[in-house]
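Work through these exercises with the sequence and the model open side by side. Try each task before reading its solution.

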Amino acid sequence: MAFRLYETRRELKDKKRELSENEEKYRNLFMNSQVGIFRTDMESGLVLEANDSFARVLGFNNRDELVDAGISVKDHYYDKGERDKVLSIILESGSVKNYEAQFLKRDGTVTWVRYSAKYYPERGWIEGVNEDITDLKEAEKTKILIYNELIASEKKFRLIFENFPFGIFIFNKM
C-alpha cells in the first residue's frame, strides 16, 4: 500500500511538472506573439485578457497596464457604430474574419486594425487576434495619390503634345 501511495504521488508530481511546463510554453507563445491576442466581455467590451501586442495597438506599454486600466474596447472604436456592426456579424455567424476598423489609441491618435474574432456564448466573451494595418492603409493612400498625379500629368502633357503648333517627334538612337 505504501508503494502504491508513493507511485501515485510520483505520478501526480510528474503531471504537475508537465502541466507547469505546458503552461509556461503556451504563456510564452501568447505573450511573444507579433499579433495581438485578446479576450473581451461581449456585453461591456471590457478587456479580460490580452498580450503585449494587443496592448500596444491601443497605446499601452504592455498587457498589465492595459488590463489594470480596466478599459472597454467599445470606447476605442473611432466610429462608435462600428462595434454594433461587428457584434451583429458575430452574433449572426459566431465569428468575424479580417474585419478592418479604425481605433483610437489612449493618446487619441487613430490607428487601423484588422482582426478576426470568435464569440463564446457559454462564457460570454469574444476571443480573437488583431494586427495594426495603419502603415498598409497609408501606403494604399499614397499609391492612390501617386496614381492620380500620374494621370493628371499624362493628361497635361498629352494636351501639350496634341496642341503644339510645331511637329514633335521622339528619336531613339538604338
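Predicted model: local features only at pLDDT ≥ 70, side-chain atom pairs only at ≥ 80, totals over all residues.

**Exercise 1. The cavity**

How many cavities of 30 Å³ or more does a search of the whole structure find?

Step 1. Count. The search finds 1 cavity of 30 Å³ or more.

Step 2. Size it. The largest cavity holds about 180 Å³ of space.

Step 3. List the lining. It comprises 16 residues. F38, V73, Y77, F103 and Y115 lie nearest the centre.

Step 4. Sort by class. The lining has 13 nonpolar, 2 polar and 1 charged residues.

Step 5. Assign the elements. At least two lining residues come from each of β1 (36–41), α2 (52–57), α4 (82–93), β4 (110–120) and β5 (125–132). The largest share is that of α4, with 4 residues.

**Exercise 2. The sheet and its helices**

In what order do the 5 strands of the open sheet run?

*Solution.* 

Step 1. Read the order: β2-β1-β5-β4-β3, with antiparallel pairing.

Step 2. Find the edges. β2 (47–50) and β3 (95–104) each pair on one side only.

Step 3. Take the twist. From one strand to the next, it averages 30 degrees.

Step 4. Inspect one pair. β4 and β5 are antiparallel over 8 bridges. V113 stands opposite D132 in β5.

Notes: Residues numbered from 1 in each chain as written. Heavy atoms only, no water. 1 Å grid on protein atoms, 1.4 Å probe; cavity = no way out; pocket = protein on both sides within 12 Å on 5 of 7 lines; lining within 4 Å. Points joined across faces, edges and corners; volume = space filled by probe spheres on them. Nonpolar A, V, L, I, M, F, W, Y, C, P; charged D, E, K, R; others polar. Pairing = 2+ DSSP bridges. Axes fitted to C-alpha atoms, helices over the stretch in contact; angles between N-to-C directions.
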